[in-house]
Amino acid sequence: MQRALVAVFCAAWLCGGAQAAGLTVLMADETAAHAEFVRQLRDAQDADSRFDLIHLAAGESSLDEHAPGITMAVGMSAARSAIERPGQDPLVLAMLSRLDYESLKATAALRRPERQIGVLLREPAMADQLALIDALLPAKRRVGVVATAESEPIVSELLRAGQGWDLQVEYAPDAKSLAVVLRLLVSRSDALLVLPDKIGDSQAATLAVLRAGASAGLPVFGTSDGLVRSGGLGAVVATPGQLARQAHSLGRKLEASGTAPGVRVEVAAPATVRVNTTVARGLGLRLPDERELTARVSALR
């Protein structure tokens with residue numbers, strides 16, 4: 001078993017005035033977002049408590065040598081390793097997408113938890129995305145959405161949040177179908193919404209949606225900074241810093257709730273609005289600044 005155990009940082013996990021045993025952070029994927037999340041988590045800690053960072057080797061799941069306390073797994077690979085390890089200490093699974101969580105729900109650790117498990121989704125709620133569309137296009141209610149079969153949990157959340165909206169949802173099983181579906185949607189939509197699914201994760205598919213929106217003069221919304229930079233009008237996103245603070249808070253909540261096993265799921269909140277002012281000008285829209293829009297979306301939560 002290969003791993004590097006780095007115990008050079010410190011963390012404070014205070015509950016009711018008592019100091020917790022400490023925090024162990026597991027990383028397997030060295031992405032920029034994960035690295036920034038861990039840096040922000042480290043910077044938020046008090047200098048007098050333990051903070052252990054473990055870099056997992058590929059396929060590693062045995063973590064029996066780390067110190068007791070709260071364990072936080074960052075990303076899907078680390079989450080899989082963490083839930084396969086027996087233990088009673090509270091576990092936080094952070095930086096997971098909605099679809100990551102749906103795939104983990106079938107595991108025994110989440111179906112029959114023997115410990116406290118907190119799940120922090122990296123995406124804000126679908127209601128936040130609709131709140132942004134409402135803030136930017138107050139007279140518009142027809143939103144076109146391209147989905148895949150795997151998107152069903154996200155689509156269900158969107159439909160629950162979209163009471164009073166005219167949500168046009170079409171399914172595209174492959175790239176060829178995507179073009180056909182987009183032609184259908186642009187004719188009956190005021191805006192297009194890219195979900196955080198296989199389409200939102202695919203640069204080619206996302207660009208196809210952006211091109212379809214631009215050709216029809218329709219704004220495109222999504223859930224990532226990248227989409228806004230690439231030509232989307234706006235997105236509600238959660239920054240690594242916001243997610244780190246929320247993950248810290250979730251760990252403290254688990255610690256405070258005692259030892260009864262169970263799973264607690266939180267969506268990213270608060271979140272931050274991103275807008276593309278160049279796209280807005282091209283559409284003839286005058287937008288409030290991102291801070292004001294963030295405050296509006298947060299107020300409706």
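Predicted model: local features only at pLDDT ≥ 70, side-chain atom pairs only at ≥ 80, totals over all residues.
**Pockets, cavities and a helix pair**

Numbering runs from 1 along each chain as its sequence is written, and side-chain values use heavy atoms, with hydrogens and water left out.

Back to Q242, then. Q242 is found in helix α10; helices here are DSSP runs of H or I with at least four residues, strands are runs of E with at least two, and both are numbered from the N terminus. Is Q242 buried or exposed? Q242 counts as buried because its relative accessibility is 12%, and the cut-offs are under 20% relative accessible area for buried, over 50% for exposed, and partly exposed in between, with a 1.4 Å probe and protein chains only. Along the chain Q242 and Q40 are 202 residues apart, yet 8.7 Å separates their C-alpha atoms.

Now for the empty space. Rolling a probe the size of a water molecule over the atoms shows where such space is left. On a 1 Å grid over the protein atoms alone, a cavity is a set of points where a 1.4 Å probe fits but cannot get out; a pocket is an open set with protein on both sides within 12 Å along at least five of seven lines; and lining residues have an atom within 4 Å of a point. Points are joined across faces, edges and corners, and a volume is the space filled by probe spheres set on them.

The largest pocket has a volume of about 680 Å³. Its lining has 29 residues, and R122, T223, S224, D225 and G226 lie nearest the centre. Which helix gives the most to this lining? That is α9, with four residues. At least two residues each come from α1 (32–43), α8 (203–216), α9 (225–230) and α10 (240–256). By class, the lining of the largest pocket has 13 nonpolar, twelve polar and four charged residues; Ala, Val, Leu, Ile, Met, Phe, Trp, Tyr, Cys and Pro count as nonpolar, Asp, Glu, Lys and Arg as charged, and the others, Gly among them, as polar.

How many cavities of 30 Å³ or more are there? The count is two. The largest cavity, at about 60 Å³, is lined by R98, L121, E123, P124, M126, I154, E157, P196 and V267. Six of these lining residues are nonpolar, none polar and three charged. R98 sits in helix α3 (residues 98–104), and at 16% relative accessibility R98 counts as buried.

The second largest cavity has a volume of about 40 Å³. Its lining is G144, V146, L182, L185, L192, L193, V194, I199 and V209, with β9 (142–147), α7 and β11 (191–193) each giving two or more residues. This lining has eight nonpolar residues, one polar and no charged.

Last, a helix pair. The axes of α7 (residues 175–186) and α8 come within 10 Å and cross at roughly 30°; axes are lines fitted to C-alpha atoms, for helices over the stretch in contact, and angles run from 0 to 180 degrees between N-to-C directions. The contact involves L178, L182 and V186 of α7, and A205, A208, V209, A212 and A216 of α8. By class, that contact has eight nonpolar, no polar and no charged residues.

Definitions and conventions. Contact = heavy atoms within 4.5 Å.
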